[in-house]
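Dear colleague,

I am handing over the structure we spoke about, and I would be glad if you could look through it beside the notes below.

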Amino acid sequence: MTKKIDAILYPVTDIAAAKDQFTALLGVEPAVDQPYYVHFETPDGIAVGLVPNGQQRGMIGGTVFWTVDDINAEVKSLVEAGGTVTEDAHDVGGGKLVAIVKDPQGNVIGLAQS
């Protein structure tokens, strides 16, 4: 069962410039500021992340990651509905799993399981 939007991630090629843009846009400083990932928490609780070289992970633009209870079952369901896995489920730290599936129309669907 899909619960909510977990995060919106943007692929970037210049993390410093993107960080400046999103700091100005969101009006908050990053909660996580690392060379491999910059993470913002907006005042209304939406997580926004900047991913260097995200294009290489199959992200073609801003990608919404949906919270799911069972990421492997959800990936299987999306593949059975015609999707293609562009990033297998894997741990990104702290036991959080993420995966990326492209639907038949080319849209990118991010999945997250905590």
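What follows is an account of what was found, taken topic by topic.

Please keep in mind throughout that this is a predicted model.

I begin with the aromatic residues, of which the structure holds 2 pairs. Taken together, the ring pairs link Tyr10, Phe22 and Phe40 into a cluster. Tyr10 is partly exposed, at a relative accessible area of 30%, whereas Phe22 is buried at 14% and Phe40 is buried at 0%.

The largest nonpolar core consists of 11 residues, among them Ala7, Leu9, Tyr37, Met59, Phe65 and Val98. The elements giving two or more residues to this core are β1 (2-12), β4, β7 (97-102) and β8 (108-113). As general background, nonpolar side chains tend to be buried together in soluble globular proteins. If residues up to four places away in sequence are not counted, Phe65 touches a list of residues that includes Ile5, Ala7, Leu9, Val98 and Ile100, as well as Lys4 and Asp6.

Turning to the strands, β6 (residues 84-91) and β7 pair in the antiparallel sense over 5 bridges, with His90 standing opposite Val98 in β7. These two strands form a hairpin with 5 residues between them, and Gly93 in the turn has a positive phi of about 120°. The pairing of β7 with β8 is antiparallel and runs over 6 bridges, and there Val101 has Ile109 in β8 as its bridge partner. β7 and β8 form a hairpin with 5 residues between them, where Gly106 in the turn has a positive phi of about 95°.

Helix α2 (residues 71-80) has as its buried residues Ile71, Glu74, Val75 and Leu78. They lie on the same side of α2, because the arc they cover around the axis is only 100°. The face turned away from that buried side carries the exposed residues Asn72, Lys76 and Glu80. At the N-terminal end, α2 is capped by Asp70, a side-chain oxygen of which lies 3.2 Å from the backbone nitrogen of Asn72, and after the helix comes Gly82, with a positive phi near 110°.

Finally, two loop residues. Thr42, in the loop between β3 (37-41) and β4 (47-52), has a relative accessibility of 10% and therefore counts as buried, the cut-off being under 20%. A polar atom of the Thr42 side chain lies 2.9 Å from the backbone nitrogen of Ile46, and, leaving aside neighbours within four places in sequence, Thr42 is in contact with Leu26 and Val48. Ile60, found in the loop between β4 and β5 (63-68), is exposed with a relative accessible area of 63%. Ile60 touches Gly106 and Val108, again not counting residues up to four places away in sequence.

With best wishes

Conventions: Residues numbered from 1 in each chain as written. Predicted model: local features only at pLDDT ≥ 70, side-chain atom pairs only at ≥ 80, totals over all residues. Heavy atoms only, no water. Helix = DSSP H or I, 4+ residues; strand = E, 2+ residues; numbered from the N terminus. Buried < 20%, exposed > 50% of the residue type's maximum accessible area, 1.4 Å probe, protein only. Polar contact = N/O pair within 3.5 Å; in protein donor to acceptor, adjacent residues only side chain to side chain. Contact = heavy atoms within 4.5 Å. Arc of directions from axis to C-beta. Core = buried A, V, L, I, M, F, W, Y, C linked by side-chain atoms within 4.5 Å. Pairing = 2+ DSSP bridges. Phe/Tyr/Trp six-rings, centres within 6.5 Å; stacked < 30°, edge-to-face > 60°.
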